Amino acid sequence: MAPASALAREVPVRVRGVSYSYENGPKRVLDNVDLTLRRGEFVVLTGHSGAGKTTLLTLIGAIRSLQDGAINVLGLELGGRGTAAQEEVRRKVGFIFQDHNLFAALTVFRTLWLATGLTEEPPSREAALEEARELLEQLGIGQHLHSLPRQMSTGQKQRVAVARALINAPQLILGDEPTASLDHQSSQMVIGVIRRHLAATGASALVVTHDDRIFGMADRVLRLQDGRLVSDT
Amino acid sequence: MSPSIARPVLEWFRDLVGAGRPDRGLGLAFVSHNRGRLAAATGGIAMAVLVMFVELGLLQAILGSQSALAGLIDGDLVIMNSARTNLHEWTRIARIRLAEAAAVRGVANAMGVYESGMLLRNPPERRVHRIIAFAMDGQTQPLKVGDPDTVRRALSRPNAVLFDRLSRDIYGPISLGRTIELDGRSFNVAGFARIGPDIVMDGAVVLSDGAWLSADPNAQPVMGVLRLAPGAKLEDVRARLKVAMPPDVAVMTPREIYWREVGFTFRSVPIGIIFGAGVATGAFIGAIICYQILFNEVVDLKKELSTLRAMGFGPGFFRRLILEEAYLLAAGGFLIGLLAALITYRFLAGATGLAMQMHAGAALFVAVATGAMTHLGGLFAARHLGSFEPAELY
């Protein structure tokens, strides 16, 4: 039997029998879901509105507390964990949210440098500057290193949010409609950068999306319907 | 500053401005980003600081002016009637006590100080105004009321008077050589003294004890100022005086009189409570303003702050961020408030004649109170962050 750490490295996300209901909700949003994400995989999670995609993503990301079932993320069991332990899990994950939610007062570099504060040993300002410059170049917004959000387009801001998720080289990336505000070319670029990150680091990514343009770039496409996983292709 | 102290101070400052760690020093960016809010916040806190400074300034000025006479005493010990509970009460001692005190071993000189209220008329004005009159020997000068040579020369002339230059201007223009009337007697203004008004008296004049006694040969002094002989020990002389004097005579140092006067003013008129309440109100207003401003900021940035929570930033980070902002607002508000207080002090000193002065102790007290009130406001504002659920982003 493989040691737990080796298993966590090879299978960064294991979801077993997870069900979830919202307070006062009429029915279960997730119903006995099983899911496994392997090392280096880029997996797309899709389904119609209300299928439970985002709920599943937030449960895996320790943003919501687990009700039924078990989830293991990067070797950490999420069931019954307190707020501090949930924060520990979140710090290890790179989140890309649907809205960029950048602080108007912070430059792009300051935003990225702030994100590095989540690591146990944050890099120096100079090292973070180099890393941020390289990442932004890859995302096609290298000229905006010291820009404020108001000086950028919505698509550019979303790419900053992607850079914020990648700056700490996380072993797991969770994205909620990360390309929703991007045109086709930018979407391809962003997914390309994420894929290159996975290839270089062995990290895995689970992305919730309706954008069928990126289905072809995924290793697997999972489909949720009425809270159940109905296909894995 | 030694290197062992300089390094932690430097590191603290680097942390504060965000030069060291990525999750520090954001307060400055947040505070300075919205200039309208920054102006409102610092203006509001500056107003609270000004209220505290004015309350403290008035309290200090009143306490200082009420006990100013103690600071004018130029001697080592003072004998007074033990029934005299404060300097504004003129319970007197028998003049013979001066001679008795002077006879005690170790006392070089015992000088009487006379004090009473008089009515001053400044011709050609018809109206009279009450004024406090002091009398003393111009040669030995038991009270320091001005340049010793000027005082000596002026009080050696017959019917001469020193007018207190710091008196309120109700007495009209009084210049050197002018003739004024005190209780119907004419006196020539031979010089000026520096005593200062308080909340009871508007002004003062100083006469020679000779002029005083010629008007009332039975006049009794309000105090006797004693100077010790060279080499005499104060406590020994005090002990001998207590034995030599009857029990209705108290023996005190000028410093003891000062603090007794401060204590009396503090207790008898409840100014401690009145001005203390004023300072507390200022601090409370400041805390409310700081809380309101930071709370608005937290609400406006709810999505952005929730995003950081979702990313894994903990409560400590948010508390530090809000407190950083609170301290910066406190620093800005304090500096503006201090400047406004200095201007207000000048105005109030001119308007009331009270000695409104900025003391380092008061400035330190208000600085600490400002830090405390903004800290409190910041902590309450930061508490709201705890209610933000990152899951609400979805």
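Two residues are counted as in contact if their C-beta atoms, placed from the backbone, lie within 7 Å. By this criterion, residues 24 or more positions apart account for 80% of the contacts in chain B with a separation of 6 or more. In chain A, the corresponding share of contacts between residues 24 or more positions apart is 70%.

The structure is a predicted model, in which local features need pLDDT of at least 70 and side-chain atom pairs count only at pLDDT 80 or more, while totals for chains, interfaces and linings use all residues. Residues are numbered from 1 along each chain as its sequence is written, and chains are lettered from A and ligands numbered from 1 in the order in which they are written. The model scores ipTM 0.86 and pTM 0.74. Chain B has an average pLDDT (the predictor's confidence in each residue, from 0 to 100) of 87, and 93% of its residues score at least 70.

Chain A contains seven helices and 10 strands. Helices (H or I, at least four residues) and strands (E, at least two) are DSSP runs, numbered from the N terminus. The radius of gyration, taken over C-alpha atoms, is compared here with a globule rule of 2.2 Å times the number of residues to the power 0.38. For 233 residues, a compact globule would have a radius of gyration near 17 Å, and the 17 Å of chain A agrees with this. The C-alpha trace of chain A spans about 45 × 35 × 35 Å along its principal axes. A residue is called buried if 20 or more other C-beta atoms lie within 10 Å of its own, exposed if 12 or fewer, and partly exposed in between, with C-beta atoms placed from the backbone. Of the 233 residues of chain A, 45% are buried.

Four strands of chain A form an open sheet in the order β2-β1-β4-β5, with antiparallel pairing. Strands β2 (28–37) and β5 (76–77) of chain A are the edge strands, and each pairs on one side only. Two strands are taken to pair if DSSP finds at least two bridges between them. Strand β4 (residues 68–73) of chain A is joined to β5(A) in the antiparallel sense over two bridges. The bridge partner of A:Asn72 in β5(A) is A:Glu77.

Helix α2(A) is largely enclosed by the rest of the structure, because eight of its eight residues are buried. Among these buried residues of α2(A) are A:Lys53, A:Leu56, A:Leu57 and A:Ile60. Just after α2(A), A:Ala62 has a positive phi of about 60 degrees. A positive phi of about 50 degrees is also found at A:Asn101, which is not a glycine. A:Asn101 lies in the loop between β6 (93–96) and α4 of chain A, and with 20 other C-beta atoms within 10 Å it is buried. A:Asp226, again a residue other than glycine, has a positive phi near 50 degrees. The loop between β9 (220–225) and β10 (228–232) of chain A holds A:Asp226, which has 15 C-beta neighbours inside 10 Å and counts as partly exposed.

Chain B has 13 helices and nine strands. Its radius of gyration is 30 Å, whereas a compact globule of 394 residues would have one near 21 Å. The C-alpha atoms of chain B fill a box of roughly 95 × 55 × 40 Å, taken along the principal axes. Of the 394 residues of chain B, 41% count as buried.

Chain B is divided into domain 1 (21–65 + 270–393) and domain 2 (77–90 + 112–226), with bounds that come from an automatic or database domain assignment. Over C-alpha atoms, the centres of domain 1 and domain 2 of chain B are separated by 47 Å. Four residues from domain 1 of chain B and six residues from domain 2 of chain B make up the contact. On the side of domain 1 of chain B that touches domain 2 of chain B, two residues are nonpolar, two are polar and none is charged. Here Ala, Val, Leu, Ile, Met, Phe, Trp, Tyr, Cys and Pro count as nonpolar, Asp, Glu, Lys and Arg as charged, and the others, Gly among them, as polar.

Between the chains, 25 residues of chain A are in contact with 19 residues of chain B. On the side of chain A that touches chain B, α2 (53–60), α3 (83–91) and α4 (108–116) of chain A each supply at least two residues. The largest share of this side, five residues, comes from α4(A). The side of chain A that touches chain B comprises 13 nonpolar, five polar and seven charged residues.
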